[in-house]
Amino acid sequence: MLIVGERINTSRRPIAEATEKRDAAFICQEARAQLEVGASFLDVNAGTFGEKETENLIWLVKSIRSKVDSPLCIDSSDPEAIHAALEICGKGMMLNSISAEKEKYPAILPLIKEFGCKVVALCLAGGEIPTELSSKLKIGLDLVEALLSDGVKAENIYVDPLIMAIGVDQQTGRVALAMIKELKTKYPDIHTISGLSNISFGLPVRKLLNRTFLTMAMAAGLDAVIMDPLDKEMMATLTAANTLLGLDYCCGEYITAFRNNRLGR
Amino acid sequence: MFDLKTLSEYLQKGDAKKVGELTAQALAEGLSPKTILSEGLIAGMDIVGAKFKKNELFVPEVLIAARAMHAGLDVLKPKLAETGAKPAGRIVIGTVKGDLHDIGKNLVKMMLQGAGFDVRDLGIDVTTDKFVAAAGEEGVQIVAMSALLSTTMPQMRIIIEALHKAGLLSKIKTMVGGAPISQKYATEIGADGFAPDAASAVDKARQLVGV
């Protein structure tokens, strides 16, 4: 399971404040804390700064990369900001995100190719977000097909089925699980990725729904996740699900997590 | 004598069938459409809004209550038109360009409708031109904008400036809302109103149109 740590996002107040104050030590501490508990990539998002997004994103990326040796997931919708950030990082990063939207796809594709990135591919084609499995799946399959034929390697594609709120659309969980299964069946070498908090919007005890959905999605084939790795219960659930799915040799990770006091007991 | 409180209670429970039936029954018993609207449906939605704000009710419950409200409104509408009853106000609402989130916007719309406003929904990913064109239509009093992304909230400033250039700000008010929006931001971009949640949006709209 690949974990993309989501904490370095300026929509979180401490990150916004540290960015404004140019407090690089704080940002690096957030980076290290996530890596220590299992994050493989660190999402970096400075979108809240609006017109000043690029300069703040660059500062964040430079601050992290000068002290912490970890691949980043550059999270922006501005191709120029992404380009500037990737130029600092070099190869092997992740880009969040591309979609089938007709303006976005051609703007982002050259960046993936130039920097050889992994990419989060949103099942979105512009206009309304489809809710039915057939139309949503078609967008996903077409997008994967387009990326492959444009020369992006299958193992660098992380399809995000875009999970909506179960409180509004009670079928969204089933649709997402079916999407993950179908995508992995048709293209075994690609990855699927998802955030975990949308699903519970508007309902009580959100974390219970988020955790339960994670295990179901993993069983359906989800192999990457954008989450807060410092959420102990979520990480314990992830570790347990990974073991139960037969992905943990001799249950080593599970036992190690227990010894490191990470299973909550 | 027909008890409008019962109607309000069924609405709060989200029983659309019963709300439709009771609304028809109330009309048959001679209550005025305006009274049924304000003391039955609007009163019910006000309670739903207040409970939602306090986390006593959750999104799916608000959605089914709104569906029940519409069942009542469908029965009342022809009668309201006959008696010449006016809506509480006319509002156009939409999620700004580049933003596809509609849950919050829809909740606000339902609450406003539940408060007796005539609401025109422009949908999601709404361009500035569309907002301006809709704002210029006869009788529109409020333009309500929703943005859920920090990257799309600057659209609100652009729309307000466009409304200003079109000379519309003298006759209409603007309202903004959405997760990244604050009163500070609303003031900064010159919006007339901000609300942190759907129930407060109704209070704010009432205040802006003076009902």
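Student: Which residues does A:Arg7 touch?

Tutor: Leaving out residues up to four places away in sequence, A:Arg7 touches A:Arg12, A:Ile15, A:Glu30, A:Gln34, A:Asp228 and A:Leu230, where contact means heavy atoms within 4.5 Å. This is a predicted model, in which local features need pLDDT of at least 70 and side-chain atom pairs count only at pLDDT 80 or more, whereas totals for chains, interfaces and linings use all residues. Residues are numbered from 1 along each chain as its sequence is written, chains are lettered from A and ligands numbered from 1 in the order in which they are written, and side-chain values use heavy atoms, with hydrogens and water left out.

Student: Why is A:Arg7 called buried?

Tutor: Its relative accessibility is 14%, and the rule, with a 1.4 Å probe and protein chains only, takes under 20% relative accessible area as buried, over 50% as exposed and values in between as partly exposed; A:Arg7 therefore counts as buried. A:Arg7 is found in strand 1 of chain A, where strands (E, at least two residues) and helices (H or I, at least four) are DSSP runs numbered from the N terminus. A:Asn9 lies in strand 1 of chain A as well, and its 16% makes A:Asn9 buried too.

Student: What joins the side chains of A:Arg7 and A:Asp228?

Tutor: They are joined by a polar contact of 2.9 Å, inside the limit for a pair of N or O atoms within 3.5 Å, of which, within protein, one must be able to donate a hydrogen and the other to accept it, while residues adjacent in sequence count only if both atoms are side-chain atoms. A:Arg7 and A:Asp228 also belong, with A:Arg12 and A:Glu30, to a network of salt bridges, each being a side-chain nitrogen of Lys or Arg within 4 Å of a carboxyl oxygen of Asp or Glu.

Student: A:Glu30 brings us to helix 2 of chain A; which residues of this helix are buried?

Tutor: In helix 2 of chain A, the buried residues are A:Ile27, A:Cys28, A:Glu30, A:Ala31 and A:Gln34.

Student: What makes these residues line one face of helix 2 of chain A?

Tutor: Seen down the helix axis, the buried residues fall within an arc of 155°, the arc being that of the directions from the axis to the C-beta atoms, so they line one face of helix 2 of chain A. They pack against strand 1 (2-9), helix 1 (13-20), strand 2 (41-45) and helix 3 (53-67) of chain A, while the face turned away from the buried side carries the exposed residues A:Ala25, A:Gln29 and A:Glu36.

Student: How do you know that A:Lys138 and A:Asp142 meet in a salt bridge?

Tutor: Their side chains approach to 2.6 Å, N to O, which meets the salt-bridge rule. The two residues are four apart in helix 6 (residues 133-149) of chain A, so about one helical turn separates them; A:Lys138 is exposed at 52% and A:Asp142 partly exposed at 41%.

Student: What makes the pair of A:Arg211 and A:Glu233 a tie between parts of the chain?

Tutor: The side chains form a salt bridge at 3.4 Å, N to O. Because A:Arg211 lies in helix 8 (residues 206-220) and A:Glu233 in helix 9 (residues 232-244) of chain A, this pair ties together parts that are 22 residues apart in sequence.

Student: Why is B:Lys105 called buried?

Tutor: Its relative accessible area is 4%, so B:Lys105 is buried. B:Lys105 forms a salt bridge with B:Asp121 at 3.0 Å between the closest N and O atoms, linking helix 5 with strand 2 (residues 118-121) of chain B, 16 residues apart.

Student: What is the area buried between chain B and chain A?

Tutor: About 1100 Å² is buried, of which carbon and sulfur atoms give 73%; this is the accessible area (1.4 Å probe) that the two parts lose on being put together, summed over both. On the side of chain B, B:Phe58, B:Leu100 and B:Ile103 lose the most area, together 40% of what that side buries. Between the chains there are zero salt bridges, although two residue pairs are in polar contact.
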